[in-house]
Amino acid sequence: MRCASCIRMQTFLSARGDSASVRVVSMVSVETSVARPYHLVVFGASGFTGQFVVEEVARTVSEGPGGTLRWAVAGRSRAKLEKVLEQAALTLSKPELRTGVNIIVADVGEPDSLAAMCKQAVIVLNCVGPYRFYGEPVVKACVENGAHHIDICGEPQFLEGMQLNYHSQAADRGVYIIGSCGFDSIPADMGVLYTRDQFKGTLTAVESFLTVASGPDGGCIHDGTWQSAIYGFSDSQKLQSLRKKFNYKPLPVVGSKLKRRGTLFYSNEIQQYAVPFMGSDPSVVKRTQRFLVEEHQATPVQYGAYAGIGGIGNILKLMFTGMMFWFLVKFNFGIDLLKKYPEFFSFGVFSKAGPSRKQMEDASFQFSFYGEGYTEEQDPSEGKPKGKIRTLVQGPECGYVATPIAMVQAALTILNEVKDLPKTGGVYTPGAAFAHTTLINRLNKHGVQFSVI
């Protein structure tokens, strides 16, 4: 699951610490990579998204440490994993995948199997969602057995809960737990940092506008994301209670306070109607900004996230879907109906079959970032910011093409640039973890493009 989903649901609707600490982390990672048979283990490889992550790993085997990536697939069913490798071999014309990639049988309901899997991996790429139900046992096993963990989660309650419950343990063990390393939320989180780094001065606020495009066959999202959204909205009160436990103070506001847009408005920036982005991006970006303020005394960037929904026809569909969704998630029978008939309640945006490969080939996304701040000539203590900047992050279909690219490149960044990660392990957002790495350059080389307009 990943927020690519949340998107269409609405469419329809970085200075490192002391060098001694850094060396300790590097030594731990090097020793681990030597001692363990696999750099990467794709867990949940037979799931809808997992199969595309497997293909993306197979495309990048030459990018591992020393030029060779050692990897394996993992999941509950050996037979299904064999089929995934067979399909990947056919799709990529790499017959060696049929017998050259090892299989690990592991189940979230069997802690011993998770422990055995984690002991063999430097990094676990966790593709098993909804994460609110299946994610924590994997995080726990990774922390206890010394494997780094990345996921493609778009569920704020899970992401923030893992930070609350496992950050200290992960830090003590030198393990990095990095959430939302897919479409949720690398384009948004790294996009804000990219915009900040390209601005000549002090950036104070950014608004992003997401638009997605499809080809003649249309597009849809697998209903795994739909289910994550259902449980997220039905359980929203628990997220508010969770956040109170952090006891955070509000981040300081530099420059003009960013005004929030309405629930539905016409955006001159993207020339279509837009709504607030309902995924995890705003919470992920805010967590990154808090980390940068607390650890590096950076100026916090205010952030507003929006998604384009097109014209009047889509507005009517969004209104119907929104009303039905908000009503039904309050009741168990309503949740059952939403899960059983995703195509009906989402006007085909979500489906149990997911998109076809042709639909994925024809689809694309674009994030437009509009930033403002104080130019180098301005005194931030006086007057309103006058500087403006616009940047873009754009790429292929977001859910099952861009997400595997982002996830795999995040993993390769950990493998190859551990000295540039935060000085201790812990639970981090992508921006907090990768602010001082070459992740953006890696993404540029693999079809997810960052640019200044």
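1. In this predicted model, Asp 217 is partly exposed, with a relative accessible area of 45%, and the residue belongs to the loop that runs between β7 and β8 (221-222). Leaving out residues up to four places away in sequence, Asp 217 touches Lys 358 and Gln 359.

2. Ser 208 belongs to strand β7 and is buried, its relative accessible area being 0%. Apart from neighbours within four places in sequence, the contacts of Ser 208 are Tyr 303, Gly 304, Ala 305, Tyr 306, Phe 367, Ser 368 and Phe 369. Two of these names return below, Tyr 306 as the ring under the charged end of Arg 261 and Phe 367 as a partner of Phe 365 in an aromatic pair.

3. Strand β7 is part of an open sheet of 7 strands, in which the order is β9-β10-β11-β7-β13-β14-β16 and the pairing is mixed. Because β9 (265-267) and β16 (449-452) each have a single partner strand, they stand at the edges, and one side of each is left without a neighbour in the sheet. From one strand to the next, the twist averages 30 degrees.

4. How is strand β14 (residues 387-396) joined to β16? The two strands run antiparallel and are connected by 4 bridges; within this pairing, Leu 392 has Ser 451 of β16 as its bridge partner. Helix α14 (residues 312-328) packs on the sheet through β10 (272-276) and β11 (302-310), and its direction makes about 110 degrees with that of β11. Helix α18 (residues 398-416), for its part, lies across β7 (201-213), β13 (364-375) and β14, running at about 105 degrees to β14.

5. A further open sheet is formed by 7 strands with parallel pairing, in the order β3-β2-β1-β4-β5-β6-β15. Its edge strands are β3 (102-105) and β15 (426-428), each of which pairs on one side only. With direction ignored, neighbouring strands of this sheet are turned by 20 degrees against each other on average.

6. Within the parallel sheet, strand β4 (residues 121-126) and strand β5 (residues 148-151) are joined by 4 bridges, and Leu 125 stands opposite Ile 150 in β5. Helix α8 (residues 136-145) packs on the sheet, where it touches β1 (38-43), β4, β5 and β6 (176-178), with a direction at about 155 degrees to that of β5. Helix α9 (residues 156-173) also packs on the sheet, touching β5, β6 and β15, and its direction makes about 150 degrees with that of β15.

7. Helix α13 (residues 281-296) contains 16 residues and reaches 22 Å from its first C-alpha to its last, which is close to the 22 Å expected at 1.5 Å a residue. Just after α13, Gln 297 takes a positive phi of about 55 degrees.8. Across the whole structure, a search finds 19 aromatic pairs. Why does the pair of Phe 291 and Tyr 428 count as edge-to-face? The ring centres are 5.6 Å apart and the planes stand at 85 degrees, so the pair is assigned to that class, for which the planes must be over 60 degrees apart. Because Phe 291 lies in helix α13 and Tyr 428 in strand β15, the pair ties together parts that are 137 residues apart in sequence. Phe 291 is buried at a relative accessible area of 16%, and Tyr 428 is buried at 6%.

8. Phe 365 and Phe 367 form another edge-to-face aromatic pair, at 6.4 Å centre to centre and with 75 degrees between the planes. Phe 365 counts as buried at 3% relative accessibility, and Phe 367 counts as buried at 1%. Both residues belong to one aromatic cluster, which is formed by Phe 183, Phe 365, Phe 367 and Phe 369.

9. Two arginines are placed over tyrosine rings. The charged end of Arg 261 sits over the ring of Tyr 306, 5.9 Å from its centre, while Arg 290 lies over the face of Tyr 248 at 4.0 Å from the ring centre.

Note on methods:
Residues numbered from 1 in each chain as written. Predicted model: local features only at pLDDT ≥ 70, side-chain atom pairs only at ≥ 80, totals over all residues. Heavy atoms only, no water. Pairing = 2+ DSSP bridges. Axes fitted to C-alpha atoms, helices over the stretch in contact; angles between N-to-C directions. Contact = heavy atoms within 4.5 Å. Expected span 1.5 Å × (residues − 1). Phe/Tyr/Trp six-rings, centres within 6.5 Å; stacked < 30°, edge-to-face > 60°. Buried < 20%, exposed > 50% of the residue type's maximum accessible area, 1.4 Å probe, protein only. Lys NZ or Arg CZ within 6 Å of the ring centre and 35° of its normal.
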